[in-house]
Each structure stands twice: as structure tokens, then as C-alpha cells.
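Today I am looking up charged side-chain pairs. I want to know where they sit and how open their surroundings are.

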Protein chains: 2
Amino acid sequence: MFNLIVVLFCAFNSIVFAFVHSPSLNDVLFNGGYDFIDLTHSFDKSTIYWPTMKNFTFTEKFKEISEDGSWYAANNFAAGEHGGTHLDAPYHFNLNGIRVGAIPLDKLIVPLIVADISSKVNDDPNFVLQKHHLDNMLNNNFGKPFYIVFKFGWSKFFDDRDRYLGIQANGTFNFPGLSEEVAEWITSSYKNIVGIGVDTASVDPGSSIDFPVHKIASAAGLFNTENVKLDVTVPDYGCTALILPMKIASGTGAPLRLVAICPKQVPTRF
Amino acid sequence: MFNLIVVLFCAFNSIVFAFVHSPSLNDVLFNGGYDFIDLTHSFDKSTIYWPTMKNFTFTEKFKEISEDGSWYAANNFAAGEHGGTHLDAPYHFNLNGIRVGAIPLDKLIVPLIVADISSKVNDDPNFVLQKHHLDNMLNNNFGKPFYIVFKFGWSKFFDDRDRYLGIQANGTFNFPGLSEEVAEWITSSYKNIVGIGVDTASVDPGSSIDFPVHKIASAAGLFNTENVKLDVTVPDYGCTALILPMKIASGTGAPLRLVAICPKQVPTRF
């Protein structure tokens, strides 16, 4: 009888211990177990913009040593909303969609899924993502809010504008993207998806002229993120995405700071 | 003897239980226990800029219904680096300081401390923060990395530019800020502070002409964040700050998306 009491008491203690020691967010985040990974290209004069948009320009306004010997520098800048690592608000392709400033934070801080199809793309600019390419990549996320980034393996070309956009002799583009079928499937099957990302200049393939993926995503209330910087290894599952655009109230889009917080990868030893 | 074994076994189990059930970041963040609080003013034509900087301007580039009936809208924009809710990089006032694009993420995702001195300010634009105003606000954070925001209670004036900046007849400004003494004390005593925030247009008081707080913070390698939107209740301790500026590579500053992730406040009942 005494033993039973001891066992029950200890079991109770186990549960209390677990509750009392339920760690805070700061405890979890800053215990050394997570990596902060920047998925954002820098903005400078070579940042790739959609050609109908204004390139990023930078005007040095002050750059001087004051009378007391101290330094002071400040700049102005200008840009289109749709260039570099940026977000498309639903309003970009949907008159009734929300604009950048209205996207709630609970859609901008969500679990991240990376669908790495770069080995299937194999640097082919004509690759168009079909449903069968995805195998079971999304199967265990049905019903949960998430943000998905498709890794085509295209970030390595970002410093070579012609290659990245696949600029043709007639000025058209050629780079990988999603098919209309995949966009329809994702938005109809995964009601809790909040946004789609790509490591290319557009969620539609470069050769698209009517942008069905943009239209389908916007109609479903999703945001897109384009020119995601994916030249680093990011786990397919288990990371958290911070998708924080410049808060341009009426923006159809905005420059984006995109960060993945991921469990540290333990180096594999053989 | 058997009892001792049972007790030791149960104690061991308690520890194993706690470890095995150590929750992931996504488990902690999305369990309903945290609020995501936006501390960012929107960017539009009325956003307050430092007067030597270009105001935020917005140019509608496309706003049209296409032949197939679909909507398309996109804009260009221009702005100074130093307006609205923004970050000052150390390089702003320190020739040897780093620029926006070089600030590492482990200084941009850190525990948040809010020093609420708004009741002492009591809407007085001549208030200058002295060390004695802070009582013991910072005492239990020595040695830990953190970002501190001083709440002067000034966000409520953000929609009234004259009142917010305290514009005088001669064009000078008058609003609360930190004293040189406080800047010296913080940067010399708290080696793990990464940045300072204020809910006014400048870390220096509006009447300052030589900006000692900017200079001291920049010299110490800290960033500043200004025009923080603090018209909401944020706990003094226990929140995590996401301090994510637009990644302007050579920026002396940049528009900032600032978010606090805070344990949900349990409503007090009497």
C-alpha cells in the first residue's frame, strides 16, 4: 500500500514538474538550440526587380564629419513594391483582397514548410511544378496553418540577372514556377495555408503571360513571397517563419524581411 | 530498500518526462498562450519623418482591370531611411559602425524590456529621462542580451505632427528623450544591450542640437529604433522582440517591422 502511494505521488510529481518547468518562449528561443536563418536578399542597386517596377535606388543625402568631429550619414531611397525579396498582398491581383498593412500578424508568424524540388528542377528553366512532383511532401500538414516555400534551386543565379530571369532574345523570361494545377490543388486542399513562397522572381513560371498562379493565390486570400533567398540549407519541417514586410498601409506588395527559426541541425557523423 | 529504488526511479522518470516533452518552438508559439503585438506605425503619406528626410511617397503605377476581367495593381514608393517606425544602424552616427544589412539576426531577435516611464513624463514635452527615474527597472537584467524600449507615452500624439514633434514657432522641436547621463550609464553598465527604442521621433530629446544619445549609442555599437508604436499595453518583461528592418545593404537606417511576442495577459478579476 505504501509503495502504491509512493508511485502515485511520484507520477503526480512528474506531471507537476513538467508543468512548472513549462519553458517560456524566451527560454526556448535563446537556449542555444535554434538557428536564425535570413532568407532575404539585400537591397542595393543590383537587386533584381520585376522590369515594370522601379529598381531600388539610393541617394546619399548626408555623409559628413561635423564640426565636433562626429560622423553623420543618412540616405533617401526609392523602389517598386515588387522586387528583391518581397511580399505580394492579395490585393495585387484581387480587387477585393487585403493590402499589405492589413495582413494580420497571425498569418505572418507561422510554421514554415520547405518543399525542396531543386533536384527535380536540375537547373532547367523550363521546369513547371506539377502535382506529381510533390510526392507526399504536404501530406502530414493538412489542417494546420502554415506557409510553404518551394525551393527550385534558383537563388544561386540571383547575382546573374540574365540567368536568374532567363531573359530571351525577344525580352521575355524563362525560369521555373508553379503550374495552375498545383495552385488550384494547394488552395482547394489546404485551407489553412497562409502564403506561398518561391526562390525565383514569380510564383508563375517566367514564360507565363496571364499569371494564373498569382490570380488563384490572390483569390484564395493568400500572399506570395518572391525572390526568397534559399541558398542555405533549411529543414523541410520544424522551422518557424517570420514573414515581416515593410508596413506599407496601402501596398499591393512590400519589401520583406524573411527569417526562418530552425532547430539546430546536429552534424551527421559516419 | 525497495522504496528507495521506487523513489529514485520516479525521480529519474520526472526528469526524463520533462526532457522528452521539451516542447518545440512551434509548440510553444502556437499553443494559444502568446499574443503577437505590432509595434509598427503604418507607412502612408501622413507618416512622420525627420524633416531633413524625404517623406514617404507612393506612386500608383498600375491599377487596372485586364481584358480577361482580372485585377492588377502595383506601386512605386520613395522615402528617407529615418521616418516612421525605423531603425538607426550604428553607422548613422559612427563612421566605423555597421550598416543595416550587416546587423546580425541574433541582435534582432532578442528578449524585450519595456521601461514604462509614461506616468512620470505625464505628457510633458520637456521631460528628459534621468537615471533616478528608472528606479530598479533594469536591475534584474544585467548580463543578458536584451533590447529596451522606453515608453514616454508619446504614441498617442502620432497622428498630430505638431504635437508629436512639439514644433515651436522658430521651427525647432520639443519632445521627451533620454539624457546623456542615461545613455552613458546604459551603454557602460549593460554590455549585452543590443538596441534602444523610444516612442518618440528621436532617442535624444526634441530640443537637442548635438544628439549625444545617438552618438553614445552608435559608438557602443547599439542600434536605435524610433517612433515605436506603443499605444498598446505590453508587459515590461517576458516578451520577445522581432526587430526586422528592410535589409538595405548600405543603409544608415531603414523602415522597421517591430513585433513583440508576449505571454497572453490573464484579465484581472476583482
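I began with Lys215(A) and Asp68(B), whose side chains form a salt bridge at 2.8 Å, N to O. I keep in mind that this is a predicted model. Where do the two partners lie? This pair crosses between chains. Lys215(A) belongs to helix H6 (residues 212-219) of chain A. Asp68(B) sits in the loop between strand E2 (57-65) and strand E3 (71-80) of chain B. Is Asp68(B) buried or exposed? I found a relative accessible area of 51%. Exposed means over 50%, so Asp68(B) counts as exposed.

Next I checked Arg257(B) and Asp38(B). Their side chains also meet in a salt bridge, 2.8 Å from N to O. The pair joins distant parts of the chain, 219 residues apart. I placed Arg257(B) in strand E12 (residues 253-263) of chain B. Asp38(B) is in strand E1 (residues 34-38) of chain B. Arg257(B) has 1% relative accessibility. The cut-off for buried is under 20%, so Arg257(B) is buried. Asp38(B) is buried as well, at 15%.

I then noted a network. Salt bridges with shared partners connect Asp38(A), Arg257(A) and Lys247(B).

My last pair was Lys63(A) and Glu60(A). Their side chains make a salt bridge at 3.4 Å, N to O. How accessible is Lys63(A)? Its relative accessibility is 48%, so Lys63(A) counts as partly exposed.

Terms used. Residues are numbered from 1 along each chain as its sequence is written. Chains are lettered from A and ligands numbered from 1 in the order in which they are written. This is a predicted model: local features need pLDDT of at least 70, side-chain atom pairs count only at pLDDT 80 or more; totals for chains, interfaces and linings use all residues. Side-chain values use heavy atoms; hydrogens and water are left out. A salt bridge is a side-chain nitrogen of Lys or Arg within 4 Å of a carboxyl oxygen of Asp or Glu. Buried means under 20% relative accessible area, exposed over 50%, partly exposed in between (1.4 Å probe, protein chains only). Helices (H or I, at least four residues) and strands (E, at least two) are DSSP runs, numbered from the N terminus.
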